[in-house]
Every structure is written in structure tokens, then in C-alpha cells.
Amino acid sequence: MRTWTPWLSVLIISILIVAISPDPIFEPEERFVPDLPIPPSPPCPEGSDCAQTHACDPSEPYSPPILNEEWNANGSFRIFSSPNLIDLNNDGILDVVNGMGIEEQEIGAVIALDGVNGTHLWQSNANAELFATGQFKDLNNDGQEDVILGGRSHQLLAIDGVTGEKIWTFDDANPETTSSKEWFQFYTGQFISDRNGDGIEDWLTSNGGDPSKGPGEPRSNGFMMIISGATGEILAYAPTPDGKETYMSPIVFQPHPEMEIEVLFGTGGETFSGSLWSTSILAIESGDISDSIMLVAPEEGVEKGVMAPPTIADITHDGILDIIAPTFDGRVVAIDGRNHSTVWSIDIKDYAFNGDSTDVESYASPALGYFTDDSIPDVFVHFAIGAFPDYSASTSLIIDGALGEVLWKNDSTHSGFTSPLAVDTNGDGRDEILMIRGGGEMFENDGGMSFYHDIEILDSCTMTQELLAHRDGMSIGTPTLSDIDGDGILDLITTDTTGYSGASCSIIRWSLGVDAPESISWSSYLGTNNDGKL
């Protein structure tokens, strides 16, 4: 049995896919809309109550936080998963849960580290690499939060949060279907209300993607699935409406309390076109989601899908949540939750490196925060320059959420695969953007690569960008921000790994040395509550 030395690695793969399909089936006039006022245009006109709620003084110099390493736990796996936080040992301090593994050796694990000092709480092993992000719920009625986490080769585990013992595995819970049907990778899912009457919330997730296939090689369709939270048994599954693969972590989306719950999912991949879709839990339970609504159509002649999960916030100021979706072909599309119309759309290729980039792709979800004066959430995105699997640079942009205007752009020789975060570190009422950007240097003697990553912060008031740390290795998983021990000081958990050039990893707790805000706009993968919503 592979043991864990006090450092670890996290693999967060949230790949999205979009599928080619005929014209959208949805007709906007058929959609129920609560009796709410139509938003003004622009949503926060000058002089309105929401126009200056996040005003700041750009003449005030920005003092960045200073990273201080609290602990560093390391191990002999790779980490592509993002860390998540939960108090597992009831000491009042948040602990760290991460997935990890080695793809080609078909080994993996979920590890839990004590948030105080990074020591090992437990490790639960798997038969393949685990790259999703852990989600938490009491699954065995013992009053303690448990963990669900998935990854390659249809590995999906529910783990007792206290002991680290397996509550169930997908394969053990479904021996007949796993022996007769071809299942693929499990992505980060969402808990939904109890569907089978056993009193335990159930698990909605996506399954798809075949890493054994090469670029452009035909792929099998993916599935939307509902799995019993108590036992791991399949309650329902439905193939994608366009027959395409899927890599996207699904989002459970309710635009307004009076509106129906939707499930957002993506189809397509790096070399196959696809779409962003909306369906319902009932449709998935029926086994047929062929009438899913296409929210973002693929560009004609472009074989790229929707891979990174969209993010959710009210950017039209009408009380109805909207959707901000990145596509793998280089667009960011804002969709009105009221009627699925396009609020604004930006083609990143028009901005990256002065419009000279033919291919611009992204695995990273946007971060939502308050980067302008008004009360409408804004958007920060990372896109890599190049075409899978060859990337040479990246671009990062701030987009005004209300207007869809690019407010700031930075082209870099870094890569940009990790989702950014948004937090107010200096108490001025305006969020800063914390990001990890990587790179590599070629060895002259043997042609090998040496990887590094930078932890950076951007002050959205002064547009001052600061380097907080420069480290060796790749950092793929999205970091997480929190006041872990409740001392009022903001903490940061990051991961790094050798990637495919080796098999070692680390998880690091940093103190930022600044006061923790009362709330954090975007603190981790899929947002502060890991559900895609601001």
C-alpha cells in the first residue's frame, strides 16, 4: 500500500466540452419568469444606488500581502486536484482534503491533512488517479461530514470523514454495470435533494472522456448521472444529447427561487466541437436528455468544445442569476438567466497579443468578484495561447460584468491553467485577484523541461500586479483561501507537482499576513461554496 509522507498533491481537472447540434430547441417566450422588473441598461447607471458601492481610491499605493509558509506536506504522487477544506477532527480548525495519483500506474488516493500542521489524518487509496475536487456531506448518518471524490477509470469514492474508511466505491456498488458497460472519468459533482427516499442527499455528476484516445480520435459519448449518496448505486444516467464526450463538472443552477432548477453541462473537448447545455434533474432521471437546451453553440468549422465550468451571478441586476461561460475555442459568453439570451460575448482572440493569436483555449473557470465601482460582479479569466497540447503563453483579462468591456489585459509567457481567485486583502471594498501562473524552461543538454510557477496578486483598484512567490514545479489545482484556524488572518492552500516528468507533490499552507475579510468573493475551485455561484 502506498503511504503518504506529509506532503501531497492535488489534481483538479475540470475539462469542459461543447457539442455540435442543430438550432437551440428552447424558445425564450416559453420560459417562466417571475414578476420582477426588467433590468436597466446599463444595469447600474451613473448616479444610481448601485453605481458606487465598491469605489476605491487608486491614488493610494497598494501593499501586497506577504506569504509566510506555515507548513509543507509532501508525497510521492502527482496532484492535479484542487484542495478543499473541512473540519474533520472536530478541533475547530479546517483540514485539507485532496485527490492525487499517477495516471499511467493506475494508482490514486484521497488524503486528509490536519490544518494545524499538515500532519496526516488519513489516506484512502483508489485504483486510478483522482483529479476531481472533494465535496462534503454526511452520507452515513453519523453526524460528521464525509467526502466524495472521483477521477480516472470510473473511480468514485465516498469516504468517512473521520476514519478515512470507504463508505462505498462506484465499482463495488455497481458490479453488473461496471462489468458490462464502458464508464469513463468522474468529474466534480454536486449534491442534490434525496431522490430515492433514504434520507441522504444524492450525487449529480458527469462521466466521460477517454484519455486512451489520441487527439482527433473518435470518442464515446459522455453521461449525466445521479448516484445514491448513501450507497453509490446508479439511480439514473442519460447520454449526452449530441453524442459527444464530456469533461465538464456540472453546475446545479436555479436562476430564481420561483424558477425551476436546471443542470448545466458541457460537451465536446480539445479536438471535438460541443456546446453548453441546460437540462433538468427529472430529464436525467428519465434517462433521456435529448431535449436539452443549447445555451452556447459551437463556432462553425471549429472542433473545440466547452470544458471549464461556467460561473453564476446576477450581472443584469434583475434578481435572476445569470451564466458566465468560457469556451475552449476562446470565447466568454454571458447568458441571461431570465430567458437564455446572450447578454454579451467576448472573443479572447481579439485581445490576446494584439489579436495575433490563432488559438486561445482555457481549462480554467472565471473568477467572479468586484473589480469596478458598481455592485455588479465582474469577471477575471485565464486563457492559454496555443492549441492542445502545445501552449506557449497565456493572457488574463478583467471583464466588466455589467457591460462586457475588457478593462485590463496582461499577455504573458506563463501558462494559465489554474482558475483564479478573488478576495479583498486590504479592506478597501474592492477585490484583488490571486492567480497562479506557470512556465517551463528547456534544458540545453538533454531537451528536458524544468517547470516553475508564480503566485501573483493583482490589485483591481490601482491595477498593480505583484509577485508573491516563485516556486519550482507545476501547480495545476486551483488554490483555496480561508481563515483556517479562525485567528482573523487570511490563509492560502496551494499545491504543486512534478507533473508527468516524475511523481512527487506538495501541499502548502501559507499565511498572507492580512486580515481575513468577512466574506470572500471567490475562494476556491467552483467558488467559495464549490457550487459555481458567487
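Predicted model: local features only at pLDDT ≥ 70, side-chain atom pairs only at ≥ 80, totals over all residues.
Select Arg509 to begin: this residue is buried, with a relative accessible area of 4%.

Arg509 belongs to strand S34 (residues 505–515), while Asp485 sits in the loop between strand S32 (480–482) and strand S33 (489–497), so the contact ties together parts that are 24 residues apart in sequence. Asp485 counts as partly exposed, at 27% relative accessibility.

Next, select Glu103, Glu129 and Arg152. Salt bridges with shared partners join Glu103, Glu129 and Arg152 into one network.

Now go to Arg78 and Glu104. Their side chains form a salt bridge with an N to O distance of 2.6 Å. This pair links distant parts of the chain, 26 residues apart: Arg78 is in the loop between strand S1 (68–75) and strand S2 (84–86), and Glu104 is in the loop between strand S3 (95–102) and strand S4 (107–113). Glu104 is exposed, at 52%, because the cut-off for exposed is over 50%.

For the last pair, select Arg331 and Asp329. The side chains of Arg331 and Asp329 meet in a salt bridge at 2.9 Å, N to O. Arg331 and Asp329 are both buried, which means that each has under 20% relative accessible area.

To finish, display every salt bridge in the model: the count comes to 19.

Technical notes:
Residues numbered from 1 in each chain as written. Heavy atoms only, no water. Salt bridge = Lys/Arg side-chain N within 4 Å of Asp/Glu carboxyl O. Helix = DSSP H or I, 4+ residues; strand = E, 2+ residues; numbered from the N terminus. Buried < 20%, exposed > 50% of the residue type's maximum accessible area, 1.4 Å probe, protein only.
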